[in-house]
Amino acid sequence: MAGNAWRSTVSHVMGAIKTQSPLPRTFSRGIQTVTLIPGDGIGPEISTAVMKIFEAAKAPIQWEERNVTAIKGPGGRWMIPPEAKESMNKNKIGLKGPLKTPIAAGHPSMNLLLRKTFDLYANVRPCVSIEGFKTPYTDVDLVTIRENTEGEYSGIEHLIVDGVVQSIKLITEEASRRIAEYAFEYARNNQRTSVTAVHKANIMRMSDGLFLRKCREVAENYKDVKFTEMYLDTVCLNMVQDPSHFDVLVMPNLYGDILSDLCAGLIGGLGVTPSGNIGANGVAIFESVHGTAPDIAGKDLANPTALLLSAVMMLRHMGLHGHAKKIETACFDTIRDEKVLTKDLGGNAKCSEFTADICRRVQDMD
Amino acid sequence: YRSPPPAKYGGRHTVTLIPGDGIGPELLNHVRELFRFCCVPVDFEVVRVDSSASSEDDINNAVTAIKRNGVALKGNIETNHNLPPSHNPGTICFDLYANVMHCQSLPGVPTRHKDIDVIIIRENTEGEYSSLEHENVPGVVESLKIITRVNSLRIAEYAFNLAREKGRRKVTAVHKANIMKLGDGLFLQCCKEVAAGYPDITFDKMIVDNTTMQLVSKPQQFDVMVMPNLYGNVVSNVCAGLVGGPGLVPGVNYGKDYAVFETATRNTGKNIANKNIANPTATLLASCLMLDHLKLRAYAKMIRKAVLKTLSETQLQTADLGGQGTTSEVAHSIMQEIQRGGPRTSEQI
C-alpha cells in the first residue's frame, strides 16, 4: 500500500478527533467583517452586485476583499496567499465567486486548495424551486449535504499492471461522524423534519456500511429529527419523479457531487443555486458554483442570483435571519415579476438593471 | 454479437425463469400466463433463488440452469446481507458485461419531459462493484474501484456496435476523469480508441454530475450513453424516473454467450408485493426483448403492441402512474387486445 498516504491518513484522522468544531456564533450586534473573494471572469461584477444589494438592505456586513490565486510558498508547495488565509481565519466567514483553474498553471485546483487549507468538510446546497423561473419541477425544497474531504475523491490511484487501474475510495469513521453530526445540527437549526442517508451499502458493504453506521449512531442523539436511509439509485429514481419527498440528504463525496448537481438541475441550474462549505474551527465559505463565464465577463450581462443566494445563506448561518429574508424575498420577487431578467433567466436586462431592481425592492420593504 | 443458439428442441425454447423476491413472482406468473395464451413456443425452467432460503447450492443450481439454457428471465433478488457480497450472482459467473437499457417516452404516460429516447449501456462487471474492501486501520475503510483496459474496450466496442446496428448518431461517454484521472481516464481513453473505428458515429463525453443536471433539464439531447458501473446505476435510474418510473422500463444483461432479461432498475417492490397493484409493463416488455433475442420476433411484436396499447389507456393505468388499475386488469386487457388482433395459430405466425 502507499505508505505515505497511510501515515497522513492516520494522522489526519487523529488530528480531526482532537479538534472540535464550535457552534456558529450569532452576530446580531455590530458590524461583522466578511472576507470577500470576487474570483475571476464574471466574479468581480456579481460580487459588486451583491455588495450593492447588501448596502441597500443595510445589512451589518463589512467586506474585506482578498485574492486567492495560488502562490508558491517556501518549500515549493502551492498555497493560498497568506493575507487571504489570515483574513479568513480572523473573520471565519467568506463569500467567494467563481475561480478559474488554468490548465497549464502548474498549481492544483483552487477549490481543492481552499478545501484543504480550511478543512471544508461539508458542502451544503439548499435547492428550492424558484417561483418565476420555470422548470419542469415546481415543488423542490431540499438540502444536500455532502462529505467533501474523502470518499471517492481521495485522489489515490494506482496503475497495478499495464491496463489495470485501481482507484481507492476512502471512508473513515471520523469524517462520517462529523458530516452526520453537521447534517443533524443543520436539520435542527433550520427546522427541517428529516435526514436521509444516501448510500450503496448493499454493494460497498464495508465503506458505505461504515458511513451508514455512523449516521445511525448520530441519529440516536437527535430524536427530534426523523432519520431514514435510502439507496442511491432509489433516490435518483424517486427524485426525478417526485422531489417533494426529500428533505435533508447526507452522503459521501461522490454521491453528493452527483446528487447536488442533479438537484441544482431540478431548480434551474448552477446559475441560481447557492452553496456553502463548512469547515473545522468555525470557518464557512459560501460560494456560487457556476463557472467564470469568460465570454460575458465585463459586459454587464451576468446573473448574480447564485452568488446572492449564497450570500443569503451566509446571513442565515450568521443568525441574521431578518436581513436574509428581506434580500431573498426581493430577489425572488424580481424574478417572479419577470420584467427585469438577465439573459440566462429568459430576459434582456443587464446585470446592473437586475441588481437595481432588487435594491429598489429591498429599500421599499423598510 | 451472436450468441450460440439457445436451448431449442422440437421448435420449443427452454428459458430459465428466476422469480426472485417482492413482485417478481406474481409478475412473472403473468408472463407465463400470457405466453400460454399466445401459444409462445417457450418453456420455462423455474429456479428459485431469493433472499430467504438461498444457499450456495441453490445459486450453483441456478447458474447451471442458465448455462444450459443460455437465456434467463428474472425478477429482482433482494440483497441478503448474510451472504457474501455478490450483487448479481449472474454477472460474475456469466460475464454479463453489458447492461443495456432503452429508455423511451411511452405514449399515454404522464411525464414532465417528452420525446426521450436514450440507450444506456453500462459496464456491468467491474468498477465500483468489485467488492474489494478492507479495513487496514480501525475506522478507516478502503474500497477499490477497478477499471481495466480489456473491459473498457469491450463495453465501448459493444456500445458503438449497437449504435451502428440501430442507426444511432451519437455515443456519449459518461465519466469523472477530472477527479479520477487514472481510472476514468483509462475508460475514456478506451472509448476514444474505439470511436476512431466508427467515424460515422459522433463521440462525445460528459462529466457525470453535469450529465445528471442535463438529464433533468434537457434529456432529449442524449442518444446512446456508455459508462462504468456506478454511473450506469445512477444514470439508468434517473432515466427510468424521467420516462415514468421503474414499472415501465425493461433491461437486458448481455454476455458473449448468455443473456438475462429483467426490469431495468432492479427493484424488488416488496412493499407492493402480492397486492395486485404492481405495474407489469416492465416485466412484459423484458419478456418481449427476450422473444426478440430468441428470434421469435412476430410474437414479440404482437405482445409489445398489445402492452403499449393497454398502457396508453388511462383508466387502466396502475398506481405508479397515478391510476387505479390492478395488475390483473392490465394483464387481462393485454390478452383481449391480442385476441382482437386475430387468431393465433402457428401458421399465421
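In the predicted model, chain A is divided into domain 1, which comprises residues 31-100, 109-124 and 272-365, and domain 2, which spans residues 136-267. The C-alpha centres of domain 1 and domain 2 of chain A are separated by 25 Å.

Contact between the two parts involves twelve residues of domain 1 of chain A and 13 residues of domain 2 of chain A. Together, domain 1 and domain 2 of chain A bury about 1100 Å², and carbon and sulfur atoms account for 56% of this area. On the side of domain 1 of chain A, 52% of the area buried against domain 2 of chain A is supplied by A:Tyr121, A:Asn123 and A:Val124, more than by any other three residues.

Polar interactions across the boundary were also counted. One salt bridge is found between domain 1 and domain 2 of chain A. A salt bridge joins the side chains of A:Asp119 and A:Arg178, with an N to O distance of 2.9 Å. Three residue pairs are in polar contact between domain 1 and domain 2 of chain A, with both residues of each pair at pLDDT 80 or more.

In terms of secondary structure, strand S6 (120-128) and strand S13 (274-279) of chain A are the elements that give two or more residues to the side of domain 1 that touches domain 2 of chain A. Of the elements on this side, S6(A) gives the most, with five residues.

Key. Residues numbered from 1 in each chain as written. Chains lettered and ligands numbered in written order. Predicted model: local features only at pLDDT ≥ 70, side-chain atom pairs only at ≥ 80, totals over all residues. Heavy atoms only, no water. Domains from an automatic or database assignment. Contact = heavy atoms within 4.5 Å. Buried area = accessible area lost by both parts, 1.4 Å probe. Salt bridge = Lys/Arg side-chain N within 4 Å of Asp/Glu carboxyl O. Polar contact = N/O pair within 3.5 Å; in protein donor to acceptor, adjacent residues only side chain to side chain. Helix = DSSP H or I, 4+ residues; strand = E, 2+ residues; numbered from the N terminus.
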